[in-house]
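Biologist: I would like to learn how to read the packing inside a protein model. Could you take me through it slowly?

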Amino acid sequence: MSTHGKPNSESGEYDVPECVQVAVRIKPVFRSEAETPGFIPVLAPSPHDGDSVLYALGDETRQFQFDSVFPEGCTQQEVYDESVDDVVNFFLRGYHCACLVYGQTGTGKTYTMGLLNETDASAPITSATGIVPRALSHVFELLSEVEKSEWRLTMSMVQLYTGAFQDLLEPDTPSSTITIRNHPEKGTYLQNVREVDVDCYEAAVGTLNRALHNRIMAPTWMNLTSSRAHTIIELKFHYKSTYSKLMLVDLAGSERVKKTKSKGQRLEEAKAINTGLHALGNVVAALTNENASHIGYRDSKLTFLLRDQLSGKGLTSMICCLSSSIFQSQETYSTLQFGNRCMGIRSNVQNNFENLGYTDINEANVEIVRLRAEVESLKQRLVESKGGGNAQSPQALSFRRGLFEPAKLPPTVSNMYNSLAKVDAEMRHFLLGKYEKEQRQFESEIQALFLEDDHENAYTPQILTHRPLTQLPRVIEPANIDDFSELFENLKKRLFESEVFAFDQRLRVAQLSLEEEKHRADKVAWHVVLQALLAKTDGAEIQRAEMERIEDYKVPESTPSMVPEISFMEDTLVTPVHGQQKNDFLESPLTPLTIQPSAVPISPLTPFTPPLSPLSPE
């Protein structure tokens with residue numbers, strides 16, 4: 001395997017591979033093949049690069065780069081150390097992993113996986129021991145350092161035979177009941193498949209041997225021990241509240257019926273095998289094609305089950321088994337292309353054990369309750385920081401002041417702001433004085449209630465304002481408490497009514513002031529119009545009479561001037577028309593004078609109802 005899966009020299013941790021890891025293993029040439037007339041090798045490791053192979057057929061030579069290359073003389077131990085050792089380490093660290101063997105029939109896939117014969121659990125690992133027994137031994141060797149009560153390991157084994165799954169640990173299970181499910185968190189998995197708990201190497205090997213008895217194998221012209229189905233072994237490592245899984249897949253080899261001379265049931269098996277492998281090739285080609293609009297995971301049960309591993313959600317190591325014989329040159333070249341494409345599949349794996357800080361679901365629930373309580377506390381603090389809706393809070397005061405902001409009024413009445421602000425300040429001063437007066441009266445009445453009892457520790461109003469009622473001596477009779485509550489509610493109601501009255505008066509001032517300015521504007525308009533009309537006549541008497549009538553014009557009595565400061569606007573707007581300005585006016589058509597409406601829509605003499613404050617009796 002490439003250095004992506006090797007321990008980091010600085011931290012000692014394993015670096016997660018960025019892509020699917022692909023290795024090729026060249027099968028040794030048998031004597032029968034070497035003695036066949038016309039035999040020549042077409043495949044060999046590159047003498048210059050240990051991770052590439054040279055494919056030579058005729059005058060054409062091509063070089064293929066892989067993560068690892070195992071020549072004919074390599075051992076099972078070398079294959080495992082380079083391609084599977086890291087996979088087991090990642091599996092026990094919380095990653096979903098898979099190891100697949102792929103290739104033409106008769107190239108040594110089942111031998112590489114170690115599934116040709118039963119394994120003797122009492123015998124030591126030998127040079128002929130394959131990947132599966134070595135992986136089981138490796139897993140339990142690492143788990144021996146972990147407390148047994150903290151983990152659980154389960155094992156299942158199925159085969160995909162002629163398009164249907166068969167449970168090798170429970171062969172009586174109907175194939176129609178074994179279905180593939182897809183879960184957002186669990187990923188793809190098989191339903192209704194038996195999972196056996198294994199707590200030691202001997203138990204795991206015993207389970208493996210029992211499943212191998214139910215595996216379907218048959219001889220063909222190309223392979224005396226040909227696997228007639230795809231075999232999937234799945235280990236699940238349950239740790240705390242989650243798990244990781246390791247899939248060990250022995251893919252049945254592709255077959256050319258012309259060479260295998262399969263007939264009858266063997267032919268049906270070959271069709272099913274080739275159909276699944278063809279779908280697998282299409283999925284890999286689509287995954288490595290940036291312009292692909294569809295990935296056919298559901299085209300076969302094999303690709304659907306391997307969806308997570310093929311899409312990069314799990315760490316995948318693939319071993320492509322090859323023959324160097326010229327008689328298998330086309331299949332060899334096809335396998336090289338397939339393995340080369342698989343190297344382009346990017347990995348996007350997640351550690352299922354990462355950030356796992358709870359030994360069981362109860363601890364997680366306790367943490368959820370604590371976090372919810374903290375959220376509620378923060379919400380309450382946020383409400384308190386905003387004033388809690390208090391009528392005297394900065395938010396409430398800014399709302400009141402915002403009714404008469406200069407920027408919110410049209411330019412024609414923007415100068416009224418200073419006058420209205422002065423009225424507003426006077427109103428506030430009046431309300432504040434009234435409130436302080438009523439508060440003093442309120443404190444006096446409370447003091448009188450206390451003084452009715454000739455108690456030597458009678459409290460003064462100053463003490464009362466700084467001491468909570470719970471600390472007062474018990475000298476108040478129940479009747480006096482009722483009177484105290486009623487008095488307090490009456491004062492709250494009177495204060496609320498005074499605030500309503502203040503708001504209503506402020507809006508009346510604004511309305512009447514705008515009405516007064518409208519009348520003044522009308523007066524100016526008529527003044528200008530009549531000046532223009534009189535300028536076109538020679539009747540001096542008529543002109544004097546009309547001018548006297550205009551000078552005597554007054555604002556209607558129904559519009560009292562509540563803000564004397566606004567009178568300065570008349571001097572600004574009423575300007576004599578003479579000279580060039582008069583000539584320009586006479587030559588231009590008359591246009592009506594438009595007064596911009598207020599940004600604050602106010603209906604005539606409509607009382608304003610302010611928002612309820614905490615002091616309201618409601």
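This is a predicted model: local features need pLDDT of at least 70, side-chain atom pairs count only at pLDDT 80 or more; totals for chains, interfaces and linings use all residues.

Biologist: Which residues touch the most other members of the largest nonpolar core?

Modeller: A nonpolar core is a set of buried Ala, Val, Leu, Ile, Met, Phe, Trp, Tyr and Cys residues joined through side-chain atoms within 4.5 Å, where buried means under 20% relative accessible area, exposed over 50% and partly exposed in between (1.4 Å probe, protein chains only). Here the largest such core has 48 residues, and F91, L136 and L208 touch the most other members. Its largest share, seven residues, comes from helix α5 (residues 131–143), helices being DSSP runs of H or I with at least four residues, and strands runs of E with at least two, numbered from the N terminus.

Biologist: Is α5 largely enclosed or open?

Modeller: Because 10 of its 13 residues are buried, α5 is largely enclosed by the rest of the structure; among them are I131, L136 and F140.

Biologist: Where is T154 found, and what is it in contact with?

Modeller: T154 is found in strand β7 (residues 151–161) and is buried, with a relative accessible area of 2%. Contact means heavy atoms within 4.5 Å, and, leaving aside neighbours within four places in sequence, T154 is in contact with E195, V196, D197, E234, L235, K236 and H238.

Terms used. Residues are numbered from 1 along each chain as its sequence is written. Side-chain values use heavy atoms; hydrogens and water are left out.
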